[in-house]
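My notebook is open, and I am about to look around a new protein model. Come along and check each entry against the picture.

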Amino acid sequence: MNKKLMAVAVAGALTAPGLAVAQVGGSPGVSLYGRLDTAVMIQKFSADGANAISELKKNDIFSPGNAFGVRGREDLGGGTSAWFQLETGVWPDGRLDSTATSGQHFGGRNSAAGFTSAGGDVLFGIWDSPYKVAYGTANLVNSGGFASSGIIMGNGDTTGALPNAQCGTGLNNGNGSLTVGVNGVCATEVTGNTTSWSRRNNNSIQYWSPVFSGVQFRLATALANYQSADTSPTLSGVQKPKYYSGNVTYARGPLALAAGYESHEGFRPGALAGANANPKDNAFQIGGKWDFGLGQVGVGYEQLKYNDNGVAGGSGANANNGGMKVPSAVVNGRVNAGPGAVWASFSKSQGGKSCTTANMVIGNAACGVQAKMTTVGYDYIMSKRTKMFVAYTKIDNGWNGTVGSNYYYIAGPAAQATATGRGTAGGLIAGTDVTTFALGMQHTF
């Protein structure tokens, strides 16, 4: 029994969203690793908020967070070592196709080269932001991609380079063609979306401190790697994206705590002449976890702040304002039961507050519209590396009569947002509630 309960903890550590998997310590050498997490999902999509689309039922195979990688470390002497990690997404449900881009090529997930010394770690590559990693402290849902982080918490999840409104980002892996930008003059790597805070950023530079009495901090920035926009500004001016992220974590005995802060500048340039090309958005979160022996309980809170990107002094159609605050919270827990554990989570977004314009929508969040997500499940531990799980999840998206929220799972499965509303596109129509039953398997190696 103790071995099986230990396996629960190991599986959680390997699969909790936002947790970096690089093991920069240990013996020198190269090793392969991976994880497969696949579930059969039975889903019901309610009528949307506007009642334009009727209820829809469909089934799918959901394979979130799967990865295959290689990592290695070399001792350089004097307490210093060099290390690398290359990780790619893998899709046992067959999702990889000719249009797949970010996260599907080798190195599309947490991948970097770095150095370890007594002063900490420095890495260069594509990696989860410190802010995203902080979600892992309060999160205790480790199965099937049903954790709140990257869904309710963080207003979505994204991978890619810093945004550039002028450049094309649509690379077709099948024929190598590229969709150029609005001016037809530049192209860049696939970019992450402009509104999410659960981020894996290309071109990252990160520093991880040593652990001092249970305390560690991480800092990160990322480089904007495209042609200078000075020669082709947007209508609102020259876009100059900047990104900074950091966290502080504490873990000792039964208690773990985390705080995270992140700043985005120039991610959401206004669309009108004279608007703000480089609004400064920021996010703050705190979270904690307590281990009481038979299980764990975790809580987290965050506030996202999107600042005004409109025309100074503008009004009505000329304002193009885009600013609001989005507070959200989560409480979850795990309790050992038989050869595994029962787990549950409840998260809620209060909806956009202090909106500069009525009925504003930023990312998945809508002004004044609440959303919540409830999940319960059970892990059945079969070995140190393999478990089965069952889960029930309900995502309630709000609607105020005009606009609604559209929170949905990371990386699918396909929802119902097409021209007819009944197809297999990945998007979710605003105001739609989603009920899911899943039976899955998770294996790590």
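**Entry 1: Words for cover.** I call a residue buried under 20% relative accessible area, exposed over 50%, and partly exposed in between (1.4 Å probe, protein chains only). Accessible areas come from the Shrake-Rupley method with a 1.4 Å probe, and for residues only the protein chains shown count as cover. This is a predicted model, where local features need pLDDT of at least 70 and side-chain atom pairs count only at pLDDT 80 or more, while totals for chains, interfaces and linings use all residues. Residues are numbered from 1 along each chain as its sequence is written, and side-chain values use heavy atoms, with hydrogens and water left out.

**Entry 2: Positive phi.** Most residues other than glycine have a negative phi. I looked up two exceptions here. Asn-359 is not a glycine, yet its phi is positive, about 60°. I found Asn-359 in the loop between strand S17 (340-349) and strand S18 (361-362). Helices (H or I, at least four residues) and strands (E, at least two) are DSSP runs, numbered from the N terminus. Asn-359 has a relative accessible area of 35%, so I noted it as partly exposed. Ser-213, also not a glycine, has a positive phi of about 50°. Ser-213 sits in the loop between strand S10 (198-208) and strand S11 (215-222). Its relative accessibility is 51%, so Ser-213 counts as exposed.

**Entry 3: Two loop residues under cover.** Gly-351 is in the loop between S17 and S18. Is Gly-351 buried or exposed? Its relative accessible area is 1%, so Gly-351 is buried. From Gly-351 to Met-324 I count 27 residues in sequence and 9.4 Å in space, C-alpha to C-alpha. Pro-413 is in the loop between strand S21 (386-397) and strand S22 (434-444). Pro-413 has 1% relative accessibility, so it counts as buried. Pro-413 and Pro-64 are 349 residues apart in sequence, but 8.8 Å apart in space, C-alpha to C-alpha.

**Entry 4: Salt bridges.** The rule I used asks for a side-chain nitrogen of Lys or Arg within 4 Å of a carboxyl oxygen of Asp or Glu. How many salt bridges does this rule give? The count comes to eight. One of them joins the side chains of Arg-35 and Glu-87, at 3.8 Å from N to O. Arg-35 belongs to strand S1 (residues 29-45) and Glu-87 to strand S4 (residues 80-89), so the pair ties together parts that are 52 residues apart in sequence. Both Arg-35 and Glu-87 are buried.

Next I looked at Lys-132 and Asp-128, whose closest N and O atoms are 3.2 Å apart in a salt bridge. Lys-132 and Asp-128 are both buried. They belong to a network of salt bridges that links Asp-128, Lys-132, Asp-157 and Arg-200.

Lys-394 forms a salt bridge with Asp-396, with the closest N and O atoms 3.2 Å apart. Lys-394 is at 23% relative accessibility and so counts as partly exposed. Asp-396, at 18%, counts as buried.

Entry 5: Helix H2 is mostly covered, with nine of its nine residues buried. Among them are Pro-130, Lys-132, Tyr-135 and Ala-138.

Rolling a probe the size of a water molecule over the atoms shows where empty space is left. A cavity is a set of points on a 1 Å grid over the protein atoms alone where a 1.4 Å probe fits but cannot get out, and lining residues have an atom within 4 Å of a point. Grid points are joined across faces, edges and corners, and a volume is the space filled by probe spheres set on the points.

Searching the whole structure gives two cavities of 30 Å³ or more. The largest cavity holds about 80 Å³ of space. Which residues lie nearest its centre? They are Tyr-135, Ala-138, Asn-139, Met-153 and Val-330, from a lining of 14 residues. Helix H2 (130-138), strand S14 (280-291), strand S15 (295-306) and strand S16 (324-337) each give two or more residues to this lining.

**Entry 6: A nonpolar patch.** For patches, I used residues with over 30% relative accessible area and no salt bridge, joining like charges within 9 Å and nonpolar side chains (Val, Leu, Ile, Met, Phe, Trp, Tyr) within 5 Å. Trp-290, Phe-292, Leu-294, Val-297, Val-299, Val-331, Val-335 and Phe-346 form a nonpolar patch on the surface, with about 710 Å² of accessible area together. S15 and S16 each supply at least two of the patch residues. Leu-294 is in the loop between S14 and S15. Its relative accessible area is 60%, so Leu-294 is exposed.

How values were computed. On a 1 Å grid over the protein atoms alone, a cavity is a set of points where a 1.4 Å probe fits but cannot get out, and a pocket is an open set with protein on both sides within 12 Å along at least five of seven lines; lining residues have an atom within 4 Å of a point.
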